[in-house]
Amino acid sequence: MMSYEKLDVYQLSIKYLSCSIKIIKDLPKGHADLANQIKRASISIPLNIGEGAGKRSKAYSRKYFDIARGSAMECAAALDVCSVLEILSEKDKVESKQLLHRIVAMLTKLSHSI
């Protein structure tokens, strides 16, 4: 098992990625740009957590955890956009936002603890 796999925030980010893929599949036609943005930001979270966990320097680890945090915030904003466009169910929005809230909080704490 790789070190990043032991992190709860990594496991949550994978869970959120799974949720985001469902959201993307459910988007109506005509929203390919938004789907791509959600996909890229969702994938960025676990990838940057993994890269940050692999860095030897605390400053570099913090940098990648901060990038992952920014991607999580971007995902939350994308959910708001979907909500305004009325292309996201309230249930999916609430579940996804709860995961993202936890991810952001954990990454904030992780960045400050290094």
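## Salt bridges and core packing

The count comes to six salt bridges in this predicted model. Side chains of opposite charge can pair when their charged atoms come close.

| Salt bridge | N to O distance |
|---|---|
| Lys-22 and Asp-92 | 3.2 Å |
| Asp-80 and Lys-93 | 3.9 Å |
| Lys-97 and Asp-80 | 2.7 Å |

**Links between helices**

The side chains of Lys-22 and Asp-92 meet in a salt bridge. Lys-22 belongs to helix H1 and Asp-92 to helix H4, so this pair ties together parts 70 residues apart in sequence. Lys-22 is partly exposed, at 42% relative accessible area. Asp-92 has a relative accessible area of 11% and counts as buried, because buried means under 20%. Leaving out residues up to four places away in sequence, Asp-92 touches Lys-22, Ile-23 and Asp-26.

Asp-80 pairs with Lys-97 at 2.7 Å, N to O. Lys-97 sits in helix H4 and Asp-80 in helix H3, so the bridge joins parts that are 17 residues apart in sequence. Lys-97 is partly exposed, with a relative accessible area of 27%. Shared partners join Lys-22, Asp-26 and Asp-92 into one salt-bridge network.

Asp-80 also meets Lys-93 in a salt bridge. Here the tie runs from helix H3 to helix H4, between parts 13 residues apart in sequence. Asp-80 is partly exposed, at 32%.

**Helix H4**

H4 has 24 residues, which should span 34 Å at 1.5 Å a residue; its end C-alpha atoms are 34 Å apart, in agreement. Its buried residues include Asp-92, Lys-93, Leu-100, Ile-103 and Leu-107. H1, H2 and H3 are among the elements that cover the buried residues of H4.

In soluble globular proteins, nonpolar side chains tend to be buried together. The largest nonpolar core here holds 28 residues, and Ile-45, Ile-49, Leu-100 and Ile-103 touch the most other members. Helices H1 (8-26), H2 (32-54), H3 (58-84) and H4 (90-113) each give two or more residues to this core. H3 supplies the largest share, eight residues.

Beyond its neighbours within four places in sequence, Ile-49 is in contact with Tyr-4, Leu-7, Val-9, Tyr-10, Ser-13, Phe-65, Ala-68 and Leu-107.

**Cys-82**

Cys-82 lies in helix H3. Cys-82 is buried, with a relative accessible area of 0%. Setting aside residues up to four places away in sequence, Cys-82 touches Leu-27, Leu-34, Ile-38, Ile-87 and Leu-88.

Methods: Residues numbered from 1 in each chain as written. Predicted model: local features only at pLDDT ≥ 70, side-chain atom pairs only at ≥ 80, totals over all residues. Heavy atoms only, no water. Core = buried A, V, L, I, M, F, W, Y, C linked by side-chain atoms within 4.5 Å. Buried < 20%, exposed > 50% of the residue type's maximum accessible area, 1.4 Å probe, protein only. Helix = DSSP H or I, 4+ residues; strand = E, 2+ residues; numbered from the N terminus. Contact = heavy atoms within 4.5 Å. Expected span 1.5 Å × (residues − 1). Salt bridge = Lys/Arg side-chain N within 4 Å of Asp/Glu carboxyl O.
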